[in-house]
Amino acid sequence: MLYYSLNRQSPVVSFKEAAIRGQAPDKGLYFPKRIPEFDPLFINHIEQYGKEDIAYRVISPYVGDDIPEDVLRKIVAETVNFEIPLVKLNDKVSTLELFHGPTLAFKDVGARFMSRCLGYFSKSITEKVVVLVATSGDTGGAVAHGFYDVPGVEVVILYPSGKVSSVQEKQLTTLGKNIRALEVEGSFDDCQRLVKQAFADQSLIEQLFLTSANSINVARWLPQQFYYLFAWQQWKDKTAPPVISVPSGNFGNICAGLLAHVSGMPVKHFVAACNANTVVPDFLESGNYVPKPAVPTISNAMDVGDPSNFVRILEIFNQQLGSLKKVLSSYSVSDVETKRTIREVYSAYGYLPDPHGAVGYRALQQYLQTDSEAKGIFLETAHPVKFYDVVEPVIHSNIPVPDSVRGVINQTKQAVLMPAEYEALKEQLLKLR
Ligand SMILES: *Cc1c(COP(=O)(O)O)cnc(C)c1O
């Protein structure tokens with residue numbers, strides 16, 4: 001498979017190059033030259049396939065010959081080696097739980113796949129590879145765990161000070177070894193801007209082999225298609241495909257779902273569930289895409305004011321707003337509604353959603369009100385314990401803490417506090433030479 005830059009000023013590249021570079025030299029996002037089609041036999045009989053096989057079938061056309069089949073099968077098996085169950089709440093609503101990976105959020109799948117691909121590719125690179133990533137909360141931990149102790153790879157994570165939950169912060173600041181955390185005095189958008197500046201800095205990239213681990217990297221973005229196929233595999237009524245509601249921030253996850261859909265996976269409709277950051281719902285309504293500064297909310301992993309992956313969504317739909325709107329709706333859910341939803345779902349079904357999942361549930365409900373026949377799935381993108389500081393006061397009781405989290409909470413944070421200024425980041429990066 002070849003990939004072109006959405007800015008169309010850079011040469012096409014292989015999967016390997018796209019994964020190593022992260023972003024194209026013209027600062028565009030890479031996009032596959034051709035969108036593969038799933039074999040209808042595979043889609044119609046998907047319940048006969050195992051998770052590993054499904055994942056391999058989805059990803060192999062995108063990887064092509066860049067990774068040998070046996071290696072890719074092994075990478076895929078390690079990527080999905082935890083449960084991803086579809087749990088029914090009531091007749092109309094189910095949830096796909098994406099939080100059973102090591103850092104309890106869906107980003108584990110993309111991060112595990114990407115780190116293993118880069119680990120494989122880095123064997124042919126003699127320089128030290130530096131993975132640079134900005135996180136609004138969950139990317140940092142997932143990337144840190146994915147790359148922990150991978151030889152030849154250093155990881156630098158930027159996170160906004162005071163704007164990630166305490167569990168998220170510990171997950172990305174306590175590993176040590178090849179993982180470094182920079183605590184930025186600013187917002188997630190500042191972190192993302194600093195990362196972009198680093199990639200655009202010729203004098204820096206001549207000295208360091210820099211790559212990005214944000215969801216713009218094709219090796220993180222593409223494997224997120226797996227979830228949608230796993231949902232379809234477990235969906236009982238194959239004659240009536242589900243509406244799928246995706247808690248969205250940078251729009252990588254839902255963009256992968258839309259990609260799987262245009263490749264032939266049946267979905268009735270997609271719902272992009274947003275918090276108070278409303279660039280996309282506003283765009284679908286007005287046709288004007290107006291980035292705004294990120295607004296802090298209790299679903300912090302979705303506090304994004306200018307979602308990077310949205311350009312890919314437009315590309316999937318050939319820039320046709322009309323065709324996009326047939327497939328995608330978007331709703332914004334306030335913090336007050338999010339808390340009310342957590343309480344409501346917990347008391348009605350004994351099911352405790354995290355704030356992101358609650359946004360997904362509420363947005364799905366809003367869509368279902370417009371379509372009385374439809375049934376749906378909301379993606380539960382994180383375990384509620386990751387946000388215990390928000391969730392516990394809402395339900396007035398404690399959440400049992402899994403052992404994996406308890407271990408992390410008790411460790412000491414190691415992070416370098418820095419202003420949201422590029423010179424400060426550059427100074428840190430140059431230390432890695
Ligand atoms: C990252 C994240 C999201 C948003 O996903 P995008 O791909 O950025 O849209 C939603 N929920 C949780 C828990 C996350 O960590």
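A helix here is a DSSP run of at least four residues, numbered from the N terminus. With that in hand, here are some close-up views of this predicted model.

**View 1. H8 gives the largest share of the lining of the second largest cavity, four residues.** This cavity holds about 80 Å³ of space. Its lining is made up of Gln-23, Gln-192, Val-195, Lys-196, Phe-199, Ser-212, Asn-214, Ile-216 and Ser-308. Sorted by class, that lining has three nonpolar, five polar and one charged residues.

View 2. Two or more lining residues come from each of helix H1 (15-21), helix H8 (188-200), helix H9 (202-205) and strand E9 (209-212). By class, you will find nine nonpolar, two polar and three charged residues in the lining of this pocket.

**View 3. The largest cavity has a volume of about 270 Å³.** It belongs to a set of three cavities of 30 Å³ or more in the structure. Of its 26 lining residues, Phe-106, Lys-107, Gly-249, Asn-250 and Ala-301 are the closest to the centre. Helix H6 (138-147) and helix H12 (252-262) are the elements that give two or more residues to this lining. H12 contributes the most, with three residues. The lining of the largest cavity divides into 11 nonpolar, 12 polar and three charged residues.

**View 4. Helix H3 (residues 51-63) and helix H4 (residues 69-79) cross at roughly 125°, their axes coming within 9 Å.** That angle makes H3 oblique to H4. The crossing in which H3 passes H4 is right-handed. On the H3 side, look for Glu-52, Asp-53, Ala-55, Tyr-56, Ile-59, Ser-60 and Val-63 in the contact; H4 brings Glu-69, Leu-72, Arg-73, Val-76 and Ala-77. Taken by class, the contact between H3 and H4 has seven nonpolar, one polar and four charged residues.

Conventions:
Residues are numbered from 1 along each chain as its sequence is written. This is a predicted model: local features need pLDDT of at least 70, side-chain atom pairs count only at pLDDT 80 or more; totals for chains, interfaces and linings use all residues. Side-chain values use heavy atoms; hydrogens and water are left out. Axes are lines fitted to C-alpha atoms, for helices over the stretch in contact, and angles run from 0 to 180 degrees between N-to-C directions. Angles under 35 degrees count as roughly parallel, over 145 as roughly antiparallel, 65 to 115 as roughly perpendicular and the rest as oblique. A crossing is left-handed if the near helix is turned anticlockwise from the far one by less than a right angle, and right-handed if clockwise. Contact means heavy atoms within 4.5 Å. Ala, Val, Leu, Ile, Met, Phe, Trp, Tyr, Cys and Pro count as nonpolar, Asp, Glu, Lys and Arg as charged, and the others, Gly among them, as polar. On a 1 Å grid over the protein atoms alone, a cavity is a set of points where a 1.4 Å probe fits but cannot get out, and a pocket is an open set with protein on both sides within 12 Å along at least five of seven lines; lining residues have an atom within 4 Å of a point. Grid points are joined across faces, edges and corners, and a volume is the space filled by probe spheres set on the points.
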